[in-house]
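Open the file in your viewer and colour it by chain. The stops below go from the chain pairs to one interface and then to a single chain.

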Amino acid sequence: MSDLLVMRGIVKQFPGVRALDGVDLDVRAGEVHCLLGQNGAGKSTLIKILAGAHRPDEGTITFGGEEVQFANPIAAIRSGIATIYQELDLVAGLSVAENIFLGNERSSYGFTRRNGMNRAAAELLARLGHGEIRPTIEVGRLSAAGMQIVSMARALSHDVRLIVMDEPSAALAHDEVGNLFRVIRDLTQEGVAVVYISHRLEEIREIGDRVTVLKDGRTAAVGLPARDTPTSRVVSLMTGRDVEYVFPPRPAPGAHNGRPDVLRVEGLTVPKHFADVSLSVREGEIVGLAGLVGSGRSEIIETVYGARRPTAGKVMLAGEVVRPGSTSRAVRLGMGLAPEERKAQALLMNESVGRNITIAGLGKYARLGWVDRRAERETAQRLVKTMDIRPPDHRRPVRTLSGGNQQKAVLARWLVEGRRLLLLDEPTRGVDVGARAELYAVIRQLADEGVGVLLVSSEVPEVLGLADRVLVLREGRVIHESDARELDEPRVLDMIMEGSAL
Amino acid sequence: MTDARAPHDGTPDIRTGPGRPQDAPPVATRRTATAASVLGGIGQARHLGLVVALALLAVVGLVTAPETFATSSNMVSILALASTIGVITVGMTFVIIGGGIDLSVGAIMALASVWATTLATQEYGPVVMAICAVLVGTGAGLVNGFLISYGRMVPFIATLAMLVAARGLAQRMSDRKTQLVGQDNTAIVDLSTTRLLGLPLLVYIFALVVAVGWLVLNRTTFGRRTYAVGGNPEAARLAGINVRRHTLILYALSGLCCGIAAIIIMARTTTGSSTHGDLYELDAIAAVIIGGTLLTGGRGTIIGSILGLLIFTLITNLFILNGLNTSDQLIAKGLIIVIAVLLQRRSLDSRT
Amino acid sequence: MTDARAPHDGTPDIRTGPGRPQDAPPVATRRTATAASVLGGIGQARHLGLVVALALLAVVGLVTAPETFATSSNMVSILALASTIGVITVGMTFVIIGGGIDLSVGAIMALASVWATTLATQEYGPVVMAICAVLVGTGAGLVNGFLISYGRMVPFIATLAMLVAARGLAQRMSDRKTQLVGQDNTAIVDLSTTRLLGLPLLVYIFALVVAVGWLVLNRTTFGRRTYAVGGNPEAARLAGINVRRHTLILYALSGLCCGIAAIIIMARTTTGSSTHGDLYELDAIAAVIIGGTLLTGGRGTIIGSILGLLIFTLITNLFILNGLNTSDQLIAKGLIIVIAVLLQRRSLDSRT
Amino acid sequence: TSNEPAAAPSASAAPAAPAAGTDNDKPGTTVVIGFSAPAADHGWIAAIAKNAEAAAKQYTDVEFKPVEPTNDINQQISAVESLIQAKVGALVLLPNDGEQLNQVARRAMDAGIPVINLDRVFPDKLSYRTWIGGDNYGMGVAAGNYVGAKLKEKGTANPVILEIQGIATLPLTQDRSKGFADALKTFGFTVTAQQDAKFTVESGTQVASNLLQAHKKIDAIWNHDDDQGIGVLAAIKEAGRDEFFMVGGAGSANAMRDIQAGSGVLEATVTYSPTMASSAIKLARLIAQGKGMSDLVENQVPQSITLASETITKENAEKYLPLGFES
Ligand SMILES: Nc1ncnc2c1ncn2[C@@H]1O[C@H](COP(=O)(O)OP(=O)(O)OP(=O)(O)O)[C@@H](O)[C@H]1O
Ligand SMILES: Nc1ncnc2c1ncn2[C@@H]1O[C@H](COP(=O)(O)OP(=O)(O)OP(=O)(O)O)[C@@H](O)[C@H]1O
Ligand SMILES: [Mg+2]
Ligand SMILES: [Mg+2]
């Protein structure tokens, strides 16, 4: 079988960074080709070149047997390559159908054929298993998962031979991922090739056919069989060392008994999101919240943080009642929140990595409002190193960082002294395997220093492996609470989905 | 700059970002207003606040000036007054939804009116005068568009430069005189004096521009893409839209509207003058924004802009009917704007 | 609305989104530029275009008006002219970096000048007059801030309402008359007539405001948070910044600057009047934006704004010295703005 | 050059330039005359600027140095400062606001530069050498007298009299209104409604069309300014109203032609002639050269000259037409 896509010697130089340095990629028709690599390895850059969004400095692309040069995205789309980008690229003010067909509208004499488009959009969405999303609804009103599905529908709306997906599962929960895989299988059946990027290796094993590994802008391995290559080998190809997907050791069960509560939440309710949630986090303890997308985990921690107002219930930090409604008070009391959507909720895109890190604790480097810039700079430098942010330069604009490295900058923000409680919402979203292990170690170390951690993650193994205690949520209510060691993944999934384990 | 940037400390919803209404339910949603928004009708909920504000003003009119306010001639007069800025507002709505701003509208209108009323142009009769106005407007708009899309200038600065230069050019051409529409070209003035079904012709021009603008914005690919270009230019580019060309056309469109407005102002004042349209840019932008269009682009409606404009026009009308002096007019106008906006906010909030 | 929204079809950088100038200079150079920006020196690269434009204008001045341009008294006159809007521009820079806009600056200045020159106020002497001006300005700014941060009004509309209302109030208070600074209060006027080292005192006030503004913006937590609030208000809020209170303070600050500007204008004109500061808002915003501040917030410098303002002032001065007629002045001004901006773009581009 | 005989006034020169011919017009020492006025965004002020320039051009011994006209007082101050620095021989100043520019004018006088104050007067007599200007109060009186007499004649009781002002915040507007009201009072009438229209055609149209709605029956309108009057007349025509008569102000050629034709509601206008600018330049030259006005006995130019406001009606329009400015 001849290759559908052949990329050879692709070089892309960004000012100051050689993002790609001679990358090769071969993709066959009808296969799921996985692209792996650490954060900043150049995966997104490579597929943007393929999509015509970037122009390569060197290298050739052969698609369907012909050498091609995509001057712009439309050229790539016309040749049959559709792309789902890592950062969502939808227009909030347009309807679902309009987004799906943006740039490719069905029209007669310039007038859009809205009925035709809505019908076609409904079909596409149904094919993706989301017939409940109405094509006429404004995209801005959808959740992140909904938007991801619209992005997918958009890729499918073209007559394509190759679909590129850049971390499509990052915003999806377990059941959604299953759905996604079903669609991918359907596509490959029809002979469409899929390039799939993800940091979740178990997904690769489940859906992938072959794997290409990138490291520091070079191809580290080509065409490895996805199912048979041992994880350790993939990881060492990616990182250049042997990192195991391990969690740091945690204290013995009951080690936290008797330590004072950092956080006590009683009967907290936000209508339509969650009701009557009570929980506590002790000093030095990591408490995990498991649940489906939409089970209200994010809302809970945001409410604890004071970013939302509850209609009932109270939040106590170290015995003191926290008055709701002010995030600045929460920060002063020693809380920290790493929110779910880094771009919308956390990052100051215009600013440097360093300033992004220090913004929350600015008061720490200031006297009477006067910033001590040396202290600030030193902290930034230290945290960039601790979190292994690459490139390790705190003056770099945060927007030039790869997705995973941006995520690390968000977490670094709260690694300053004086935190008593950290609220982490999907802290490893988009972070590569190697970095994850380090991140887990950092979180555990914070806990060992006495910080309480409330952790939300859609990856059940992560919750089970990192947390001391786990709360399972369904439809806004806590349905189970136990020591993490007493649970395993199937059981948690069972509870999440059915509630039968109760 | 906009609603989206209005801080919302302590509001219950953490996720409310630009364009995200509070408490959007996961994946699917239950908002019914959305479907309506696609229809874009006057009666829809998003314009409720504006309609209420208009109604309140009308009530005030009925109470304070019972004999004069509700007369048909007063209504006609309000519409005729609104029609100049109205036409400009349509173009401005496009530009602002497309993520830009046009400060030069008043100046372009003045230039077009002056050019169309030069003796040389007037020789060719009213049709050529009208065409001239439209061409001058469109041409100036194209220059704006080029500077912004291909010269990559900030719209605020590029159109400010155009404002200054167009007024200067208008003054040069007219030698700072007010140029009367000649005896042979009264067809232009007839637009204002001739009535059809009780309405001056220029009101029909206004209505036509609004209707066409609405159709283009809501029913054509060009219109829909304007939202994309303004709301997320990067996404628009990745979707294969030629963002630069689109932007260019948006400014040309705004210029075209200024040209049409120039015809109307010539009809109403029987003159072309470099002083026409002073500060129209502020009025038009204010109308657009009060009508719910985001200054950051990507969202907005023509109906909203027109309602916003009618509120402004009605306020002035009421003041004069009641013989308020200018100072009091200004104070009252400031208060009314605040109240109208707070009203609209309230009506939006209570839709939850 | 801004650079960021200018379309960039075909530019190679996919990550350019709102708030990112698409000519984002390459990382390496940017690094040094960033370091320099911390220094905020006039000579730094990001302001190079502005400095070049200023230098070119100076050369034009030297060539066209050799005897008059380079005199120290002409320089003093330029600085004195710049100081009124200059002070306002400092406040405006804060507001715009913080993601807002303030259209009411000129009107607030007028109101403050009128309030400070009422007979009742004048009885208490010059110090009370100055305090009165500052308090009125700050108060009006607070009202703006409240409407925007707690009333969640769009800044454009809230400050437009303030513009209208403050002018109305100023007219009422002054009965539309020009109010002279009384014989007993010439201390105010002395700010303009007394010189220290050859410069009128009001130039020192201007310099002081700029210096303090620069320090606050670059060296204090308040300034740093202003960038965060403007760049991503939601992220700022989640990082523990009280975005509402911060926004409130920003507008109060702008109002405060208007109050100080009122003192300067009283000194220069020896009067308080409701007509003072007409259209200052446009001049101030234009200066800020030409100085490189994004209208969408989150980016900008005080030095840039002041350089932008000096360019405008210098243009006017050159015109005066050369006795151009108005129309030509306007045309030339439009062209110069375009050229200055394109120059600046070029200087940014070529820094690669 | 300067020793050539004075050029005869060209045909295109200011309409008001009276025939040269006195000794005073013989070239003397060269005088640089600085000139500053508000922005020429209005027919009357444009005529002022043009008349000044035209008058200056008549003299080979005058170097005319106008500065950027502006409506911003702050800029006008700087402009005048630059003229003082340039050490001009005389300054002709039409301030945006006499009170606000007073200080700078005073500085010019202190620096030995004679200031010829045009129209809007400085409050401080030490700030100018000579004032020449129109009579705003008198203009209001003239309009009031015409309106009053006409209505008396018709026997209208409780007439509806409207007044459309120019820029409301200018002292000259307030003077005009006061004169108008005072004159009407002598007939036992008052102004029914008053609005201001910014001196532009367009706002003239807007204000008038609203006023016409507010008053279903009108007896007389006084519009302060013939330039904005074009707009007012357009609005009247649009509304199809003609039950009243209108009096204009300033005396534009256009208005005079309308009056002459007698076809519309405009029956009269009261003058406020921009020819004063031509005279101001002449006075500036004389003062700088130390000459007097040769028709007067005095050796020096008088301290103040007030133009009379004349009433132009159908009968005398012919005579005034050459003095009317093209708006
Ligand atoms: N526009 C840009 N300007 C400068 N540097 C860039 C730009 N875009 C990407 N880079 C750099 O190129 C390198 C590759 O980034 P890329 O986004 O391709 O990584 P990735 O493999 O997708 O990582 P992740 O898994 O974190 O998404 C990174 O070092 C990044 O900082
Ligand atoms: N106001 C909102 N507007 C848009 N989307 C929202 C809003 N609130 C929640 N969502 C989206 O709805 C989904 C479910 O939200 P919620 O926070 O309740 O679930 P969760 O259990 O935290 O799930 P996850 O862990 O995936 O965030 C998320 O994908 C979130 O992005
Ligand atoms: Mg990536
Ligand atoms: Mg969540």
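Five pairs of chains are in contact, and chains B and C share the most contacts. The model is predicted, and every stop should be read with that in mind.

Now select chains A and D together. No contact joins chain A and chain D; the closest C-alpha atoms of the two lie 36 Å apart.

**The interface of chain A and chain C**

Hide the rest and keep chains A and C. The contact involves 46 residues of chain A and 37 residues of chain C. About 3600 Å² is buried between chain A and chain C, with carbon and sulfur atoms giving 53% of that area. On the chain A side, select Asn350(A), Arg373(A) and Arg399(A): these residues lose the most area to chain C, together 18% of what that side buries.

Next, show side chains for the charged pair. The count between chain A and chain C is one salt bridge. To see the salt bridge, pick Arg224(C) and Glu376(A), whose closest N and O atoms are 2.4 Å apart. Polar contacts across the interface of chain A and chain C come to 10 residue pairs, with both residues at pLDDT 80 or more.

Switch to a cartoon view of chain A. Which elements of chain A each supply at least two residues of the side that touches chain C? They are α10 (327-333), α11 (342-346), α12 (353-358), β20 (370-371) and α13 (373-386). The largest share, four residues, comes from α11(A). Coloured by residue class, the side of chain A that touches chain C divides into 22 nonpolar, 11 polar and 13 charged residues.

**Chain B**

Of the 352 residues in chain B, 66% are buried. Among contacts in chain B between residues at least 6 apart in sequence, those joining residues at least 24 apart make up 76%.

An unreviewed UniProt entry places the feature "transmembrane region" on chain B at residues 47-65, 77-97, 103-120, 127-147, 153-170, 196-217, 248-267 and 302-321. Select two of these spans in turn.

- Residues 103-120 of chain B: the span is 78% helix and 0% strand, and its end C-alpha atoms are 29 Å apart.
- Residues 302-321 of chain B: the span is 100% helix and 0% strand, with 28 Å between the end C-alpha atoms.

Note on methods
Residues are numbered from 1 along each chain as its sequence is written. Chains are lettered from A and ligands numbered from 1 in the order in which they are written. This is a predicted model: local features need pLDDT of at least 70, side-chain atom pairs count only at pLDDT 80 or more; totals for chains, interfaces and linings use all residues. Side-chain values use heavy atoms; hydrogens and water are left out. Contact means heavy atoms within 4.5 Å. Buried area is the accessible area (1.4 Å probe) that two parts lose on being put together, summed over both. A salt bridge is a side-chain nitrogen of Lys or Arg within 4 Å of a carboxyl oxygen of Asp or Glu. A polar contact is a pair of N or O atoms within 3.5 Å; within protein, one must be able to donate a hydrogen and the other to accept it, and residues adjacent in sequence count only if both atoms are side-chain atoms. Ala, Val, Leu, Ile, Met, Phe, Trp, Tyr, Cys and Pro count as nonpolar, Asp, Glu, Lys and Arg as charged, and the others, Gly among them, as polar. UniProt positions are given in the numbering used here, feature names are shortened, and annotations may be inferred rather than shown by experiment. Buried means under 20% relative accessible area, exposed over 50%, partly exposed in between (1.4 Å probe, protein chains only).
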